[in-house]
Amino acid sequence: MKFRAKIVDAACLNHFTRVSNMIAKLAKTCTLRISPDKLNFILSDKLASGGVSMWCELEQENFFSEFQMEGISAANNEIYLELTSENLSRALKTAQNARALKIKLTNKHYPCLTVSIELLSVSSSSRIVTHDIPVKVIPRRLWKDLQEPTVPDSDVSIYLPVLKTMKSVVEKMKNISNHLIIEANLNGELNLKIETELVCVTTHFKDLGNPPLASENASQARNPEQMAEVHIDIRKLLQFLAGQQANPTKAVCNIVNNKIVHFDLLHEDVSLQYFIPALS
């Protein structure tokens, strides 16, 4: 089992650092899946027991100038590593203005992702900063729990408003209630709503638009005005929104009525799927 990769392009390095920072905000620990053409960051809490689920995917050729890996076997040419997200994010924070970044799977009394950062000094000579990030190699028998989530057919899909605006609204609502209702329809309308014994507060977003395919499939049997809704833990939504430091290229919210809300985001060439289950 081997893995080594190198980034030399400054824009790629900055983008990879941003992705790492986002993952650290979304998941305390995560699984890094390494395959010949992709990297995935995975969080697979059981949705049935109220946990969130995440699948983030990077095409390795968009980031790395060198990329070599050998999985556990020719038939199973993949590596699954469990790591603390913050450790990777912290290591990459030292890579600003770096000349190069190398990541390698090593064994230093225990398995590590060794991150080596080549920095330019004032005298134009370079120095190397090395971080050893402890990882746990996940055995083959557990891989089945870490596959790409199947996306259920949604009742309504809608484009999201500017995420910074949405986060600001949700932060204020959190001061009133821990429960939030998200509702949307096929007329491009999205509502964020909290209801307590004393107060009911709703924020309306209009003219957001609906992804065309989703609208066609659902609208055949669905009144465009009819709302699909899901009741969720507001803290889980806020954690998701806090991780989005840059507004994504694409952001879609898919609602399965009273069951789950699925966010589908694209940050340049990095895709992120995030699932929050309904409160039982």
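1. Starting with the pairing around Leu180: its bridge partner in E15 is Ile232. Strand E12 (residues 179–184) pairs with E15 in the antiparallel sense, over six bridges. Strands count as paired here if DSSP finds at least two bridges between them; helices (H or I, at least four residues) and strands (E, at least two) are DSSP runs, numbered from the N terminus.

2. Some ground rules: this is a predicted model, where local features need pLDDT of at least 70, side-chain atom pairs count only at pLDDT 80 or more, and totals for chains, interfaces and linings use all residues. Residues are numbered from 1 along each chain as its sequence is written, and side-chain values use heavy atoms, with hydrogens and water left out.

3. Zooming out, E12 and E15 belong to an open sheet of four strands, ordered E14-E13-E12-E15 with antiparallel pairing. Strand E14 (200–205) and strand E15 (228–233) are at the edges with a single partner strand each, so one side of each has no neighbour in the sheet. On average, neighbouring strands of this sheet are turned by 20 degrees against each other, direction ignored.

4. Now for H5 (residues 234–242): the helix lies across E12 and E15, and runs at about 90 degrees to E15. Axes are lines fitted to C-alpha atoms, for helices over the stretch in contact (heavy atoms within 4.5 Å); angles run from 0 to 180 degrees between N-to-C directions.

5. Which residues of H5 are buried? They are Ile234, Leu237, Leu238, Phe240 and Leu241. These cover an arc of only 160 degrees around the axis, which puts them on the same side of H5; the arc is taken from the directions from the helix axis to the C-beta atoms. Their packing partners are helix H1 (10–26), helix H3 (163–174), E12, E15, strand E17 (260–267) and strand E18 (270–277).

6. Asp233 deserves a look. This residue is found in strand E15, yet caps the N-terminal end of H5, with a side-chain oxygen 2.9 Å from the backbone nitrogen of Arg235. Asp233 is buried, at a relative accessible area of 11% (buried means under 20%, exposed over 50%, partly exposed in between; 1.4 Å probe, protein chains only). Leaving aside neighbours within four places in sequence, Asp233 is in contact with Asn178 and Leu279.

7. Elsewhere, strand E1 (residues 2–7) pairs with E5 in the antiparallel sense over five bridges, and Lys6 stands opposite Glu66 in E5. Strand E5 (residues 66–70) has Phe67 and Met69 on its covered face, with Glu66, Gln68 and Glu70 on the uncovered one. In a regular strand, side chains alternate between the two faces of the sheet.

Terms used. Polar contact = N/O pair within 3.5 Å; in protein donor to acceptor, adjacent residues only side chain to side chain.
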